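Try each task yourself before you read its solution.

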Amino acid sequence: MTTRVGVVLFPGSNCELDAMEAVSSLGGDAVVLWHGEATVQGVDAVIVPGGFAHGDYLRPGAIARFSPVMAAVQAFAEEGGPVVGICNGFQVLTEAGLLPGALQKNAGLKFLCTTVDLRVETTRSALTAGAEVGQILRVPINHFEGNYTCDADTLALLQAEDRIVLRYLDNPNGSVDDIAGICNAAGNVVGLMPHPERAISELLGSVDGTVLLRSLLDAPSRV
Amino acid sequence: MDQPLHRALGLTDDEAASIERILGRAPNHLELAMFAVMWSEHCSYKSSRLHLKRLPTDAPWVLVGPGENAGVVDVGDGIAAAIRIESHNHPSAIEPYQGAATGVGGILRDIFTMGARPIAVMDPLRFGSLDDARSRWIAEGVVNGISGYGNSVGVPTVGGETVFDETYADNPLVNVLCLGLLPAERLVLGQATGEGNLAVLLGSTTGRDGIGGVSVLASAGFSDAEADAQKRPSVQVGDPFEEKRLIEACLELLEAGLVVGIQDLGGAGITCATSETASRGGMGMDVDVTAIPLREAGMEPFEIMTSESQERMLAIVEPSGLDAVLGICRKWDIRANVIGHVTSGPATGDEAGGRLRILDGFGGAVLADVPAASLHDDAPLYDRPRAAPSGWDEAGRTLAGPELPPCEDPAADLLAMVADTSWVWSQYDHQLYLNTVEGPGGDATVLRLKHPATGADTGRGLALSTDGNHRWCAVDPRLGTALVVAEAVLNLASVGARPLALVNCLNFGNPEHPEVMWQLSEAIDGMAEACSSFDLPVVGGNVSLYNESRGMDIDPTPVVGVLGCIDDLRRRPPGVRLVEGGRLVLVGATQPELSGSLWARDKGHRGGRLPALDPELHLRVAGVVRDLVNGGLLAGVHDISSGGLALALAELCVRSGLGAQVARVADAAELFSESPSRVVACVTPDSLPYVERVLGNAGVPFARIGVASGDRLSVKGLLDVSVAELGTVWQQRLPEALGSGTTQG
């Protein structure tokens with residue numbers, strides 16, 4: 001059965017086409033979920049893509065969280081549906097309260113577009129179920145506000161509940177505990193700053209995002 | 001301030017007299033303001049038009065040549081590519097962040113105006129010396145502006161150049177190129193046809209930002225920092241989120257076939273967009289100045305008509321399609337207001353035929369009434385005096401200068417040259433749209449070519465290179481410009497691409513100085529000669545004059561952007577890379593000439609005679625390099641340009657973390673010469689015999705010069721330096737300089 005993946009489109013999103021291309025290239029079906037419509041159209045999984053939703057005005061994700069579609073995404077997540085927020089999508093999920101913590105400006109106070117090494121820390125998330133713990137992945141990052149932060153209790157909880165999904169080998173942005181991605185308690189909602197959809201082709205430099213996105217496409221059948 | 005109004009607006013007495021002749025009466029303030037912006041150097045090319053006609057513009061694959069918003073070429077598979085380059089030098093000198101940001105915004109609008117989705121931006125940047133605090137402030141602001149706007153608007157910045165030289169102190173060159181793709185059948189032009197059709201203004205409100213930007217900023221020299229600070233209100237302010245929605249809305253309008261013509265609002269704002277669409281369509285237009293949504297109260301009609309507020313477009317639509325147009329704009333939260341009606345053309349004999357009339361409400365008082373075409377077609381055309389600089393020997397094509405100093409320490413000279421530019425481009429999203437096979441930092445950028453409507457991968461690629469070299473052009477602007485074009489062609493060959501089209505940005509000093517006009521004319525001739533030799537059509541260009549720094553004209557700096565096509569992109573091109581044990585082959589012949597080189601400039605030397613360009617040999621070198629790259633026969637390749645063989649070798653080493661042992665370089669002149677038509681190739685031993693046979697058959701000179709191995713770069717008898725040291729200096733130069741404090745002078 002082909003997995004239908006809904007890709008949320010806010011005004012100002014810009015990685016939606018890339019996410020859809022990546023999903024299609026891995027055999028999934030991708031559909032757009034328009035921000036103004038309070039439905040996820042019965043999809044099997046949701047990607048909140050990168051970009052600058054509502055121009056990142058006020059604060060990344062601060063306006064997008066109020067979009068009608070986010071209520072539907074929240075309900076879908078509460079029913080156990082797999083939801084992945086990439087980059088700006090991660091910021092939106094933290095603002096929406098689907099994931100804890102926040103993303104602040106990079107430690108170097110510069111936008112950073114480069115490729116980094118990530119370590120898979122758990123396979124209990126929708127994005128890493130098909131990967132192996134300790135697996136090293138080369139995946140691009142592209143952000144100004146990617147410096148993950150949270151209070152000490154939250155960090156302890158994330159560590160205790162095995163909810164740190166990916167860590168940077170060489171922390172590029174100052175994130176606490178080298179965190180590149182986290183998940184909710186159930187593991188079905190994942191947020192990460194790196195862009196797995198940019199690492200699906202040898203021609204573009206890496207295929208290491210494939211194992212992550214394939215896990216997402218396989219997630220509905222695991223539920 | 002007793003000077004007449006027309007002079008305050010930047011018009012000469014003769015120009016004011018022409019306007020009175022055209023109108024048959026004295027113009028009012030509004031009319032004068034409209035002529036002033038449209039007849040500015042920036043909009044009318046009045047000093048350069050005469051010379052630009054000499055550039056070759058035709059080829060069977062050219063769909064749209066110069067004169068439209070962008071050049072368009074057929075790249076096969078039903079896909080057309082729109083390309084344009086522009087300068088935002090003066091705004092960036094005054095307000096670096098917004099100047100650079102709005103430069104990106106403006107070039108994007110030129111591209112989606114043609115119906116194309118912008119897919120890539122390139123930024124050739126030139127700043128004053130890194131030792132100068134103000135130049136560092138400008139450099140940081142410009143890079144932040146491009147990063148802040150370009151990343152947010154969602155178009156990747158995939159390459160460019162970063163050059164530091166004191167000639168650009170206080171007057172940076174911020175050029176920006178944009179490439180877009182469209183289904184070939186969807187090409188739209190910026191024209192208004194069909195009497196009774198509506199002119200709909202899309203996007204931002206109109207404010208007081210950027211009033212007279214083209215005449216105040218771009219068409220006059222700079223004096224001192226204090227006076228420049230006064231000009232800051234003439235710099236526009238950009239909003240990338242508005243632009244992103246505007247792009248999506250316009251592309252959706254075009255996809256739905258709802259627009260007859262569309263035009264972006266750039267320099268000279270509504271005046272330019274309304275008069276250009278009307279005159280291109282052979283029509284007139286009535287514009288209701290009260291229908292234009294304003295950002296602030298109390299704006300005068302002349303301010304509204306000449307404002308350069310950003311993120312605005314003018315769409316010409318049929319009345320029956322208006323509701324659908326407004327619906328799409330609502331979806332994207334884009335403001336849309338009918339501000340004009342297309343009226344009859346000049347051919348009808350109708351009294352209002354071909355007129356651009358500015359009205360105080362449709363049916364209300366006429367505030368301005370001018371022939372629409374006169375704002376363009378009747379713009380002054382100057383054949384300004386030209387004179388070669390003193391010391392120029394035309395017969396010997398030599399510029400008098402002191403003797404070159406001896407080269408005492410090649411290793412130290414090389415270390416002074418190396419600079420990694422990733423500090424700049426790692427701040428740009430250069431990967432969006434999953435096209436970037438080879439990003440910034442290489443010889444040329446390589447992009448996958450996907451169909452813009454279906455997303456289908458053609459298996460082919462596009463390549464882009466931007467190049468300029470003021471050092472060469474300062475010695476001999478004609479040959480220097482030809483060498484710049486040649487370098488771009490060889491850069492494309494190094495990634496396996498054949499060139500299709502060239503756009504240029506001609507950055508020069510004050511055209512009222514005869515030497516500057518001579519440089520401009522010579523540069524255009526050099527470009528024309530090279531482009532003809534290489535069968536390369538010029539499909540668009542931009543001229544930026546009055547680039548002056550601290551009382552001096554900048555060195556002549558024609559910048560070219562060349563688009564190429566890769567016929568089979570199944571594998572990545574080899575890139576600037578060495579592999580252990582690879583044999584180093586120097587392709588092409590070296591002329592031991594240092595005049596005009598980076599090495600000479602670093603020694604404070606100017607003048608001399610540039611190394612010669614043999615176009616026929618150059619094409620053979622480019623052709624064989626392209627074939628070897630596409631055949632997968634090279635492990636690495638780097639073209640030889642600024643810094644000569646020495647810098648090419650150093651970059652190969654630091655980018656690979658591998659050393660090279662090189663011999664058969666006679667002296668420092670051969671080591672640092674920038675003579676054209678040369679690359680260094682890294683070839684594995686088992687490929688070497690075949691590669692040498694191919695080179696021999698192509699009739700191209702070549703020589704084995706060394707092997708890639710170890711942890712030192714050594715050139716026998718000339719230099720020996722550790723790759724680690726080279727790498728550290730290379731990596732640290734920009735971050736250290738730009739992190740060392742800046743000043744807003």
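**Exercise 1.** How many bridges join strand 9 of chain B to strand 12 of chain B, and do these strands run parallel or antiparallel?

*Solution.* Keep in mind that this is a predicted model.
Step 1: find strand 12 at residues 355–360 of chain B; 4 bridges join strand 9 to this strand.
Step 2: look at the direction, which is parallel.
Step 3: pick out one pair, Val287(B) with its bridge partner Ile358(B).

**Exercise 2.** In which sense do strand 9 and strand 11 of chain B pair?

*Solution.* Step 1: strand 11 covers residues 336–343, and the pairing is antiparallel, over 4 bridges.
Step 1: opposite Met285(B) you will find Val342(B) of strand 11.
Step 2: now view the side chains of strand 9. Met285(B) and Val287(B) point one way, while Gly284(B), Asp286(B) and Asp288(B) point the other way, and all are buried.

**Exercise 3.** Is Gln91(A) buried or exposed?

*Solution.* Step 1: locate Gln91(A) in helix 3 of chain A, residues 88–95.
Step 1: its relative accessible area is 5%.
Step 2: buried means under 20%, so Gln91(A) is buried.
Step 3: check its surroundings. Beyond its sequence neighbours, its contacts include Asp56(A), Leu103(A) and Met193(A), and its side chain makes a polar contact of 2.8 Å with that of Asn88(A).

**Exercise 4.** Is Leu58(A) buried or exposed?

*Solution.* Step 1: go to the loop between strand 3 and helix 2 of chain A, where Leu58(A) is found.
Step 1: the relative accessible area is 75%, so Leu58(A) is exposed.
Step 2: together with Tyr57(A) and Ile63(A), Leu58(A) makes a nonpolar surface patch of about 320 Å².

Technical notes
Residues numbered from 1 in each chain as written. Chains lettered and ligands numbered in written order. Predicted model: local features only at pLDDT ≥ 70, side-chain atom pairs only at ≥ 80, totals over all residues. Heavy atoms only, no water. Helix = DSSP H or I, 4+ residues; strand = E, 2+ residues; numbered from the N terminus. Buried < 20%, exposed > 50% of the residue type's maximum accessible area, 1.4 Å probe, protein only. Contact = heavy atoms within 4.5 Å. Polar contact = N/O pair within 3.5 Å; in protein donor to acceptor, adjacent residues only side chain to side chain. Patch = residues over 30% accessible without salt bridge, like charges linked within 9 Å, V, L, I, M, F, W, Y side chains within 5 Å. Areas by Shrake-Rupley, 256 points an atom, 1.4 Å probe, with all protein chains shown as cover. Salt bridge = Lys/Arg side-chain N within 4 Å of Asp/Glu carboxyl O. Pairing = 2+ DSSP bridges. Lists of a residue's contacts leave out its neighbours within four places in sequence.
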